[in-house]
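Hi everyone, thanks for coming.

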Amino acid sequence: MALPLLGLRITAGPLELRGATDDLLGPLADLAIEGIHAPDAMPFSTPWTLATAEDLPRNLAQYYWGLRAAFSAAAWAAVLAVFWESELVGVQGMEARDYLVTRTAETGSWVGRRFQGRGIGTAMRQVLCAFAFDHLDAEYMLSGAFTDNPASLAVSRKVGYTGNGWQRMARLGKPANPAAPGTNGRQPRALRA
């Protein structure tokens with residue numbers, strides 16, 4: 001297999017994470033079309049969900065294909081489709097740069113709206129972090145969320161991440177201002193082995 005991470009499967013109770021292969025991109029797009037976030041919100045730094053139902057499947061595929069195309073030993077991304085009780089519910093990802101030196105990666109995820117609020121986002125992040133610490137010799141896991149995304153920040157707290165600063169970013173052509181909590185700042189959090 002050209003990209004071994006596509007063959008990865010991690011199971012923990014009712015949760016399964018598996019490589020987001022091409023045959024899963026259509027069902028993931030269907031789930032995204034049903035909704036990931038409120039129409040007036042943008043929780044992602046890459047706004048791939050801002051598209052019509054007709055264009056969203058292409059946006060999703062191009063985004064994940066782009067991560068695959070950029071894969072190298074120096075910079076890589078693991079995109080894992082998430083199944084809860086055998087039903088596709090979202091994506092859990094992990095990206096790293098210079099991992100063999102830093103032993104640090106960043107998590108990112110989304111869950112379809114109809115599956116939110118049931119603890120699935122917390123469980124999938126816990127499973128991925130356990131995998132990284134126990135099997136990839138990670139020392140730190142990072143996660144970031146805009147401060148107007150309290151659900152993601154709550155998952156980070158539940159998993160055990162601690163705040164480690166602010167990062168100013170552009171979001172939809174506007175600065176994400178970290179100066180005042182509750183604005184559009186992105187608050188990175190770290191979890192240590």
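Predicted model: local features only at pLDDT ≥ 70, side-chain atom pairs only at ≥ 80, totals over all residues.

Is S86 buried or exposed? Its relative accessibility is 69%, so S86 counts as exposed. Its backbone deserves a look as well: S86 is not a glycine, yet its phi is positive, at about 70°. Most residues other than glycine have a negative phi. D98 is another non-glycine residue with a positive phi, near 50°. You'll find D98 in the loop between β4 and α3, which covers residues 99–102. With a relative accessible area of 44%, D98 is partly exposed.

Now let's go inside. The largest nonpolar core has 52 residues, and those touching the most other members are L17, L28, W48, Y64, W110 and M141. Several elements each supply at least two residues of this core, among them β3 (75–84), β4 (87–97), α4 (120–135) and α5 (150–159).

Take Y64 from that group. Setting aside residues up to four places away in sequence, Y64 touches L25, W48, V79, V91 and W110. That brings us to V91, which belongs to strand β4. V91 has a relative accessible area of 4%, so it is buried. Beyond its neighbours within four places in sequence, V91 is in contact with several residues, including L28, Y64, G108, W110 and M124.

Next stop, T104, in strand β5, residues 104–111. T104 counts as buried because its relative accessibility is 17%, and the cut-off for buried is under 20%. A polar atom of the T104 side chain lies 2.9 Å from the backbone oxygen of T102.

Last, the helices. How do α4 and α5 pack? Their axes are 9 Å apart, at an angle of about 50°, so the two helices, α4 and α5, are oblique to each other. The crossing of α4 and α5 is right-handed. Where they meet, α4 brings G121, T122, R125, Q126 and C129, while α5 brings S152, V155, S156, K158 and V159.

That's my tour, and I'm happy to go back to any stop.

Note on methods:
Residues numbered from 1 in each chain as written. Heavy atoms only, no water. Helix = DSSP H or I, 4+ residues; strand = E, 2+ residues; numbered from the N terminus. Buried < 20%, exposed > 50% of the residue type's maximum accessible area, 1.4 Å probe, protein only. Polar contact = N/O pair within 3.5 Å; in protein donor to acceptor, adjacent residues only side chain to side chain. Core = buried A, V, L, I, M, F, W, Y, C linked by side-chain atoms within 4.5 Å. Contact = heavy atoms within 4.5 Å. Axes fitted to C-alpha atoms, helices over the stretch in contact; angles between N-to-C directions. Parallel < 35°, antiparallel > 145°, perpendicular 65-115°, else oblique. Left-handed = near helix turned anticlockwise from the far one by under 90°.
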